[in-house]
Amino acid sequence: MPSSWNTGTLVEPNQKHVSITQGTLVTKASDVNKAASEANQMDGSSRTPTEQASTVAKDPDDNIPFNSTAFLKFMDAVGGIESNNGYGAIGGYNNHYLGKYQFGKAALRDVGIGYTMADREKFLSDPDAQDEAMEQFTLQNHNYLKARSEKYRSMTDREKLGILGYAHNQGRGGALRFLETGKSEADGFGTDAKVYIEKVNKALG
């Protein structure tokens with residue numbers, strides 16, 4: 001792990017995310033499926049953010065480069081908006097979105113998870129799998145933005161986590177547009193993605 005990381009309790013691979021109060025960070029498997037399909041961003045439909053995925057190039061950052069406690073606060077802030085942190089939550093258009101972070105079919109595909117009935121039931125019943133999927137998906141967003149935005153690369157970790165919250169709502173491409181233009185967008189349910197930045201910043205204290 002880079003020496004520039006802030007101090008925090010990180011766990012070795014195969015250990016699990018327990019809770020924010022225990023300060024334990026789930027570490028993704030080393031061989032992550034980074035293949036993703038380029039989905040249309042902001043098409044005016046009622047799709048939720050995690051459905052709006054895009055291809056992520058291979059990047060040397062294979063672990064979340066943030067303080068573990070800060071990252072857990074980020075995950076819980078996003079989960080709070082998406083589902084009130086309910087791992088069993090099902091919602092969105094046609095009940096298409098699953099779990100604490102409301103992952104849709106495309107986002108699940110991005111992190112190597114299927115969308116059959118059995119896949120969905122297994123995902124909903126496994127909080128550890130949901131936390132790991134969130135970490136992998138956020139890492140993909142981080143790598144995408146780092147590769148394409150000098151502004152993102154120059155941000156503090158706190159600022160980056162806010163933008164990653166925005167990306168969870170608007171997709172990676174939407175977050176990149178926000179960085180380039182400063183203009184925020186709303187999802188199909190009318191939620192301004194800046195709410196995610198605000199909630200993450202509030203959670204980080």
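This is a predicted model: local features need pLDDT of at least 70, side-chain atom pairs count only at pLDDT 80 or more; totals for chains, interfaces and linings use all residues.
Helices here are DSSP runs of at least four residues, numbered from the N terminus. With that naming, Val 111 sits in the loop that joins H2 to H3. Despite its place in a loop, Val 111 is buried, because its relative accessible area is 8% and the cut-off for buried is under 20%. Val 111 also pairs up in space with a residue from elsewhere in the chain: Glu 132 is 21 residues away in sequence, yet the two C-alpha atoms are 9.0 Å apart.

The protein has 205 residues, and 51% of them count as buried. As for how the chain folds back on itself, take the contacts with a separation of 6 or more: 64% of them are between residues 24 or more positions apart.

Next comes the inside of the protein. In soluble globular proteins, nonpolar side chains tend to be buried together. Here the largest nonpolar core is made of 40 residues. The residues with the most contacts inside this core are Phe 74, Phe 103, Leu 145, Tyr 152, Leu 161 and Ile 163. Elements giving two or more residues to the core are H1, H2 (105-110), H3 (117-124), H4, H6 and H7. H6 supplies the largest share, with 9 residues.

How do H1 and H4 sit relative to one another? Their axes come within 11 Å and cross at roughly 105°, so H1 is roughly perpendicular to H4. On the H1 side, the residues that meet H4 are Phe 71, Phe 74, Met 75 and Val 78. Their partners in H4 are Asp 131, Met 134, Glu 135 and Thr 138. Sorted by type, the residues of this contact come out as 5 nonpolar, 1 polar and 2 charged.

Gln 130 belongs to H4, which spans residues 127-148. Although glutamine counts as polar, Gln 130 is buried, with a relative accessible area of 0%. Leaving out residues up to four places away in sequence, Gln 130 touches Tyr 87, Gly 99, Lys 100, Tyr 101, Phe 123 and Leu 124. Ala 167, in turn, is part of H6. Ala 167 is buried too, at a relative accessible area of 1%. Apart from neighbours within four places in sequence, Ala 167 is in contact with Asn 141, Arg 172 and Ala 175.

H7, at residues 194-204, has four residues listed as buried: Tyr 196, Ile 197, Val 200 and Leu 204. Viewed down the helix axis, these residues fall within an arc of 100°, so they line one face of H7. An α-helix has 3.6 residues a turn, so residues three or four places apart point the same way. What covers the buried residues of H7 includes H1 (68-83) and H6 (157-181). The other side of H7 carries Glu 198 and Lys 202, both exposed. After H7 comes Gly 205, with a positive phi near 80°.

Most residues other than glycine have a negative phi. Asn 84, in the loop between H1 and S1 (90-91), is not a glycine and yet has a positive phi near 60°. Asn 85, found in that loop as well, likewise has a positive phi, of about 60°. Are these residues buried or exposed? Asn 84 is exposed, with a relative accessible area of 68%, while Asn 85, at 32%, counts as partly exposed.

Terms used:
Residues are numbered from 1 along each chain as its sequence is written. Side-chain values use heavy atoms; hydrogens and water are left out. Buried means under 20% relative accessible area, exposed over 50%, partly exposed in between (1.4 Å probe, protein chains only). The arc is that of the directions from the helix axis to the C-beta atoms. Contact means heavy atoms within 4.5 Å. A nonpolar core is a set of buried Ala, Val, Leu, Ile, Met, Phe, Trp, Tyr and Cys residues joined through side-chain atoms within 4.5 Å. Axes are lines fitted to C-alpha atoms, for helices over the stretch in contact, and angles run from 0 to 180 degrees between N-to-C directions. Angles under 35 degrees count as roughly parallel, over 145 as roughly antiparallel, 65 to 115 as roughly perpendicular and the rest as oblique.
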